[in-house]
Amino acid sequence: MQITMDIPEYFGLDKTKPEIVSTLKLYAALALFQAGKLSAGAATELAGIDRYTFMAECKKHDIPTINYTPEDLEAELADFRLTC
């Protein structure tokens with residue numbers, strides 16, 4: 001899918017067109033991942049970066065990469081205790 005956006009020149013500041021496209025893809029991927037709409041793998045694909053770089057960007061923008069509810073964590077710990 002191709003999406004076309006008109007962005008006034010003054011928003012580009014000193015960035016090249018490829019840099020702006022890359023930044024927009026990254027921010028879209030981060031937002032969709034944070035909203036639970038994309039997995040980490042799909043988000044890295046959308047952003048066009050590797051998983052380690054994506055995780056670093058999540059950390060930089062205070063986006064948690066693991067979202068356990070207290071109940072999920074307790075269930076995992078209970079399963080772990082049973083196997084030990």
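Set aside sequence neighbours within four places, and E57 touches L26 and L30. That makes E57 a handy way into this predicted model, since the residue sits in helix 4 and counts as buried at 16% relative accessibility.

- The largest nonpolar core has 10 residues: L26, A29, L30, F33, A40, A43, A47, F54, C58 and I63.
- Helix 2 (17–34), helix 3 (40–47) and helix 4 (51–60) are the elements that each give two or more residues to this core.
- Helix 2 is the top contributor, with four residues.
- Nonpolar side chains in soluble globular proteins do tend to be buried together.
- L30 has quite a list of contacts beyond its neighbours within four places in sequence: F54, E57, C58, H61 and I63.

**Salt bridges**
- How many salt bridges turn up in a search of the whole structure? The search finds two.
- One of them brings E57 back into the story: its side chain meets that of K60, at 3.9 Å from N to O.
- Both partners are in helix 4, three residues apart, or about one turn of the helix.
- As a general point, side chains of opposite charge can pair when their charged atoms come close.

**A nonpolar patch on the surface**
- M1, I3, M5, I7, Y10, F11 and L24 form a nonpolar surface patch, and together they have about 900 Å² of accessible area.
- I7, one of the patch residues, is in the segment before helix 1 (9–12).

**A positive phi at D62**
- Where does D62 lie? Look in the loop between helix 4 and helix 5 (70–83).
- D62 has a phi near 55 degrees, which is a positive value in a residue other than glycine.
- Most residues other than glycine have a negative phi.
- D62 counts as exposed, at 67% relative accessibility.

Note on methods
Residues numbered from 1 in each chain as written. Predicted model: local features only at pLDDT ≥ 70, side-chain atom pairs only at ≥ 80, totals over all residues. Heavy atoms only, no water. Core = buried A, V, L, I, M, F, W, Y, C linked by side-chain atoms within 4.5 Å. Buried < 20%, exposed > 50% of the residue type's maximum accessible area, 1.4 Å probe, protein only. Contact = heavy atoms within 4.5 Å. Patch = residues over 30% accessible without salt bridge, like charges linked within 9 Å, V, L, I, M, F, W, Y side chains within 5 Å. Areas by Shrake-Rupley, 256 points an atom, 1.4 Å probe, with all protein chains shown as cover. Salt bridge = Lys/Arg side-chain N within 4 Å of Asp/Glu carboxyl O.
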